[in-house]
Each structure stands twice: as structure tokens, then as C-alpha cells.
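Please keep the sequence and the three-dimensional view at hand while reading.

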Amino acid sequence: LRAGSASKLHKYKRETAKIGTKRSWKHFLAVVKYSHVPYGCGVWPAFYTLGVGQPWPMGGEMDILEYVNDQGSMTSFHIGKQCKLDPAAVNKYGYMP
């Protein structure tokens, strides 16, 4: 996978790159080696998965790598209102960098 084509509007920017499939999996393993991940104000590189069978966020989303502007990498889950988590269990091990 290569970076998207050069932007027609912005001299030093790229269009998005996306891999999609109609197939779904019950289990998932990704091994990824990044040689460069853009960062800085105004960029939002991400590697994520989406659930199937329901619109976002009800089907779920797992962000494996996500940089927002100039913040560090984050891993997160996005879900619909149907999921109720126990805050004590979620925070049992504290902040995970």
C-alpha cells in the first residue's frame, strides 16, 4: 500500500489511502510495520476496523492506530449506546500509554 495521490488543492498533502473488503472475520490479527506516519496539526492518520451488519457506531469500530493532530497514538473502541461497561472494571489497571 502506498500513500494516496498528491492533492490537487494542497501542495504538500496526499489524498487518503483505504483498503476495504466485503468479507468479514470473527478473529483478526494485524502485523504492521510503519516506516512513516504523518503527524502534526491538521492530519489524522488512522488504521481501524469497522463492524458489519449495522451502521456506525452501532456495529462498532476499533482504532488500532490513530494520531489526532499532534497528540500521540491512541487505541480506542467506538460503540453504540447498547453497550454498558463497568467503570471499575474498565479502569482496574489505570492509564495505559
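Glu-61 lies in strand 2, where strands (E, at least two residues) and helices (H or I, at least four residues) are DSSP runs numbered from the N terminus. The model is a predicted one, in which local features need pLDDT of at least 70 and side-chain atom pairs count only at pLDDT 80 or more, while totals for chains, interfaces and linings use all residues. Residues are numbered from 1 along each chain as its sequence is written, and side-chain values use heavy atoms, with hydrogens and water left out.

- Is Glu-61 buried or exposed? Glu-61 counts as buried because its relative accessibility is 13%; buried means under 20% relative accessible area, exposed over 50%, and partly exposed in between, with a 1.4 Å probe and protein chains only.
- The side chains of Glu-61 and Trp-56 are joined by a polar contact of 2.6 Å. Such a contact is a pair of N or O atoms within 3.5 Å; within protein, one must be able to donate a hydrogen and the other to accept it, and residues adjacent in sequence count only if both atoms are side-chain atoms.
- Apart from neighbours within four places in sequence, Glu-61 is in contact with Tyr-48, Thr-49, Leu-50, Trp-56, Ser-76, Phe-77 and His-78, where contact means heavy atoms within 4.5 Å.
- Glu-61 in strand 2 is the bridge partner of Leu-50, and His-78 in strand 3 is the bridge partner of Glu-61.

- Pro-57 has its place in the loop between strand 1 and strand 2.
- The peptide bond that leads from Trp-56 to Pro-57 is cis, and its omega is near 5 degrees.
- Most peptide bonds are trans.

**The sheet**

- Strand 1 (residues 46-50) pairs with strand 2 (residues 61-66) in the antiparallel sense over 5 bridges. Two strands pair if DSSP finds at least two bridges between them.
- Strand 2 also pairs with strand 3 (residues 74-78), again in the antiparallel sense, over 4 bridges.
- Glu-66 stands opposite Met-74 in strand 3.
- The 3 strands form an open sheet with the order 1-2-3 and antiparallel pairing. Strand 1 and strand 3 stand at the edges with a single partner strand each, so one side of each is left without a neighbour in the sheet.
- From one strand to the next, the twist averages 10 degrees; axes are lines fitted to C-alpha atoms, for helices over the stretch in contact, and angles run from 0 to 180 degrees between N-to-C directions.

**Phe-77 in strand 3**

- Phe-77 is found in strand 3 and counts as exposed because its relative accessibility is 61%.
- Not counting residues up to four places away in sequence, Phe-77 touches Glu-61 and Met-62.
- Phe-77 and Tyr-48 are 29 residues apart along the chain, and their C-alpha atoms are separated by 9.6 Å.

**The chain as a whole**

- The protein chain has 1 helix and 3 strands, and from the N terminus on its elements run β-β-β-α.
- Of the 97 residues in the protein chain, 11% are buried.
- Among contacts in the protein chain with a separation of 6 or more, 18% come from residues 24 or more positions apart.
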